[in-house]
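Hi,

Here is the structure I promised to pass on.

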Amino acid sequence: MESRSKRWTKSLIIVWTGVIVLFFFVPIAGVIISSFGKSRYFRFPVRSWSTKWYDQTLNANLTENLHITSFYVAGCVALIAVVLGFFGALAFARYDWKGRIFYQRLIMLPIFFPQAVLGLALLLWFTYVGVLPSWEAAVFAHLVWIIPIVTLVISIQVYGFDVSQEEAAFDLGANRLQVFREVTLPALAPGLFSGALFAFLLSWGNFPLSTYTSGADSTVTEWLYTKMSSGYTPMIPTIGALSVYGSIAILFIGYLLLIARRRRNEKRA
Amino acid sequence: MTTTSGVSRPPELRQPNVLRHFGQWLRNPGFISASPTLIFFLIGFVGPLIIVLGFSFVPERTFGFHGDWTVENYVHIISESYWISFAWSFGLAAATVVCCLLIAYPVSYGLARIFGRWAAPVMLVLVIPLFVSENVRLFGWYLVLLKGGGILAGSTKFLFGLDTGTLLYSPGTILMGMVYVYLPYTLFPTTLGLSLVPRDQMDAASDLGANRWQIFREVELPIAMPGILIGSLLTFVLAIGAISEAKLLGGANIVVIAHSILHEFTYAQNWPLGSAISMFAIVITGILVILVMRRLDLDRLLGRK
Amino acid sequence: MAEGTPILRIEHVTKQFGKLAAVNDVSLDIVDGEFFTIVGPSGSGKTTLLRMLAGLDKPTTGDVLLRGNRVNDVPANKRPTCMVFQSLALFNHRTVGQNIEFSLKMRGVSRSERRERCKELMKVVRLPEDYYAKGVTKCSGGERQRVALARALASDPDIMFFDEPLSAIDYQLRKHLEVELKDLHRETGKTFIYITHSLEEAMVMSDRIGIMQAGNLIQIGTPDEIYTQPLNKFVSEFMGEVNTLPVVIGADGKFDCAELSAQFIGPAQSNRATSGYLVIRPESMRFLNEPSQADNHVSGSLFNEYAMGSRVQYHVRAGNQMLVVEKLREQAFQGNLNDDVLIGWDVKDSVLVND
């Protein structure tokens, strides 16, 4: 009776999760299917398949430019966010200092903030201080939102770090720099890595902040939005699909690297 | 290490100098590590907000500060029909939060309790869409729901010979799009919250005679609450700022607040009015954020201490 | 322990946290090569004291002298001392070998020399040789203890500090490691300063014991001295289950115990105390057939009995006190619960302590 109703609940939850996973992937599948259609406008069921839009898209200068801009932005964001987020996480979770609780709440505010409003506020601010919209400005805008997230991600690793390891290293004769290089940094490395991965992917997919701040340097997502709301071209599904492949590839490579690291550690057993 | 000391020595020479104490505080490692992010926070967040606040008080269609201040922008918001946009945005955001919670809770429960070693791969699969630009995903929905040749309409026609109309351009579809985009933001914090509920406490409650509903209300919900709150807040705030969903799936029928703001800043070239509308959104979400934040213990939630 | 030159001298050391004196005016000499244990309940300031000795904290006032040199301002990484931490603080991202070699690497010792020394140390702490490349997270609790020990020994420190490293270990393994640690102390001849909250653990290993209470070092002595002459009620109760009877000493020299409404003969008093606690160990209590069989006697009823392996313990209710009697299993008392019993002890087995 009890176990039977429990089994029912369990199956229901599994089915429900399956439905949600499907729900998540239906539109992504839609984009990928349509990118292989031959006709200029998408019709389903697709009658003839072709990769001609891929050929065309991959040969276009535009594609290259869009991706290079997106890549520059995401790369810079990841790098800067990890460095600042690392120190932020130490203040967040490692040191016991007066003002820490206040700092924790303060630093989170940009996450809990409508991004469109944030983008616009940054645009006004840039205008006011005389910074022209460009991909560098977009990096700054992304950082405002992404640094708090990276700080949180790294903090989770810092919480699990036994501080007495640093003291032990110090007691064993290491100086401050050696303690940092030999103990703190390697112990927190997985957190820094996932922080960088998060930063890169969130920046790569961001639209509301880029649209206000990047000016003439269009990123992939901005271009898609502009073309979708006005002036359809058959390259939309293709570029969309390419960006899906890119995200999944980066996520997958990151996941594999993490697993490889864990394997290497396990090999020492 | 603390102790209840017996005889303590007479206190050291007291430093009445407040500045000296402040100086010492500035030099502690916590503050030093916090300072890069704090400086960035000031330049990248506080500064822009002050500018928006300032702009909301200058006369219409000016692009700088020239010394004359006015509240007419705020009067405009109320006298003109912007409140409709507000109503749409807040209504849609609230509905999104409710739908996301109802949809996410069973999945979170499964991730935290049932899937076991399958939880990590399932989580990974659910994370992937989060890293695909929301515009691409919404475009996908557009393709699915497209009139005549969309995947949904095409399938029903192909399989059953039925001609269905399109679901695009209705409030329900916008809501569906928003739920779709923001579900992960509810899902993951809720899972985090639920995984904080110790299994033995639930077993103990059950052993003490509580039924499933009582366990949920008395044990599970209160302990998981911080995670649920964070998820709901994040979803609500992001949904207030939503712009693509209404534009791509709703066409021109429904103008949400983010779109009004964008409109004032681009086509209408009325920055002060746009700033005033933004301030409205900022204040309302700000109050919500502060109310929720005050109840959270981040150390416990993230560090599991 | 023979008196030698003090390797470590602590002079009036106080550590103030705000208004709270975590360590309050402690003075102590540690003899070269001894195993000294500081015992106290949690919050007594023992860890704070140890951290100051190791150089991880600075005293608010007072001095720490190492072989006669003041080392207050010498940080931990420049002191010839090493600490084994409560959490062990092993570097989880490193192998056993890398952990043990850490201090040598910091000193710029060559790779081959490090490895040789590491193998030596692993032999000393009885770690199998093939553990060299094993990750420390894969080691068992006891093995991790040995890695931490070898790591602290690697730089050949003059003094080894131990911050309750055995507290999280299960009973049987702890007993085993206590013995190993004492053997290691004998083999290396180094000075060991150990802190623990278990007087029992301290008794097994130490040459001398210091007892801390609320920031004060209240008694120092050999295990035997502490056992037979506890300074006060706190120390005597810290040693485990003892009978403590509150007494008032009358003008006639008799000890009045109001709680049992009885008079006892107590040990001779040199300091003419007027009140205190009479301490009698459970194993000194006996069951009597008649009052004359012991110097003092109390009647009560047998409340319960507890088998404890080689011994049996009895709780006897007398007045509103519960008295504890312990016997060897072979000499177990033959009686039923709730029986009226007579118990007693001799004067030589009792100690008078103050509060």
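**Chain C: a helix over a sheet**

Let me start with helix α4 (residues 141-153) of chain C, which lies across β6 and β7 of chain C and runs at about 170° to β6(C). Bear in mind throughout that this is a predicted model.

The two strands under that helix pair with each other: β6(C) and β7(C), the latter covering residues 159-163, run parallel and share four bridges. If you want one pair to look at, C:Val84 has C:Phe162 in β7(C) as its bridge partner.

Both strands belong to an open sheet of six strands in chain C, with the order β6-β7-β8-β3-β9-β10 and mixed pairing. Which strands stand at the edges of the sheet? They are β6 (81-84) and β10 (216-221) of chain C; each has a single partner strand, so one side of each has no neighbour in the sheet. From one strand to the next, the twist averages 20°.

Helix α4(C) also has a helix to pack against. Its axis and that of helix α2 (residues 96-106) of chain C come within 7 Å and cross at roughly 25°. With the cut-off for roughly parallel set at angles under 35 degrees, α2(C) and α4(C) therefore count as roughly parallel to each other. Their crossing is right-handed. On the α2(C) side the contact is made by C:Val96, C:Asn99, C:Ile100 and C:Ser103, which meet C:Val147, C:Ala150 and C:Arg151 in α4(C). By type, the residues of this contact are four nonpolar, two polar and one charged.

**Chain C: further strands**

β16(C) and β17(C) form a hairpin with two residues between them, and C:Gly309 in the turn has a positive phi of about 75°. β16(C) is also joined to β19 (residues 340-345) of chain C, again antiparallel, by six bridges. There, C:Gly300 is partnered by C:Val341 in β19(C).

Then there is strand β20 (residues 350-353) of chain C. β20(C) pairs in the antiparallel sense with β14 (residues 275-280) of chain C over four bridges, and C:Leu278 is the residue opposite C:Leu352.

**Chain B: helices throughout**

Chain B has 14 helices and zero strands. Of its 305 residues, 52% are buried. Taking the contacts in chain B with a separation of 6 or more, 67% are between residues 24 or more positions apart.

One helix pair to check is α6 (residues 134-145) with α8 (residues 171-195) of chain B, whose axes come within 11 Å and cross at roughly 140°. What does that make the pair, given that only angles over 145 count as roughly antiparallel? The two helices, α6(B) and α8(B), are therefore oblique to each other. The crossing of α6(B) and α8(B) is right-handed. In the contact, B:Glu134, B:Arg137, B:Leu138, B:Trp141 and B:Leu145 of α6(B) meet B:Thr173, B:Met176, B:Gly177, B:Tyr180, B:Val181 and B:Tyr182 of α8(B). Seven of the residues in this contact are nonpolar, two polar and two charged.

Also in chain B, B:Ser232 sits in helix α10 (residues 212-240). Its relative accessibility is 14%, so B:Ser232 counts as buried. Apart from neighbours within four places in sequence, B:Ser232 is in contact with B:Val97 and B:Leu101.

**Chain A: one leucine**

A:Leu197 has 18% relative accessibility and so counts as buried. Leaving out neighbours within four places in sequence, A:Leu197 touches A:Ile250, A:Leu251 and A:Gly254. A:Leu257 is 60 residues away from A:Leu197 in sequence, and their C-alpha atoms are 11 Å apart in space.

Over to you!

Notes
Residues numbered from 1 in each chain as written. Chains lettered and ligands numbered in written order. Predicted model: local features only at pLDDT ≥ 70, side-chain atom pairs only at ≥ 80, totals over all residues. Heavy atoms only, no water. Pairing = 2+ DSSP bridges. Axes fitted to C-alpha atoms, helices over the stretch in contact; angles between N-to-C directions. Contact = heavy atoms within 4.5 Å. Buried < 20%, exposed > 50% of the residue type's maximum accessible area, 1.4 Å probe, protein only. Parallel < 35°, antiparallel > 145°, perpendicular 65-115°, else oblique. Left-handed = near helix turned anticlockwise from the far one by under 90°. Nonpolar A, V, L, I, M, F, W, Y, C, P; charged D, E, K, R; others polar.
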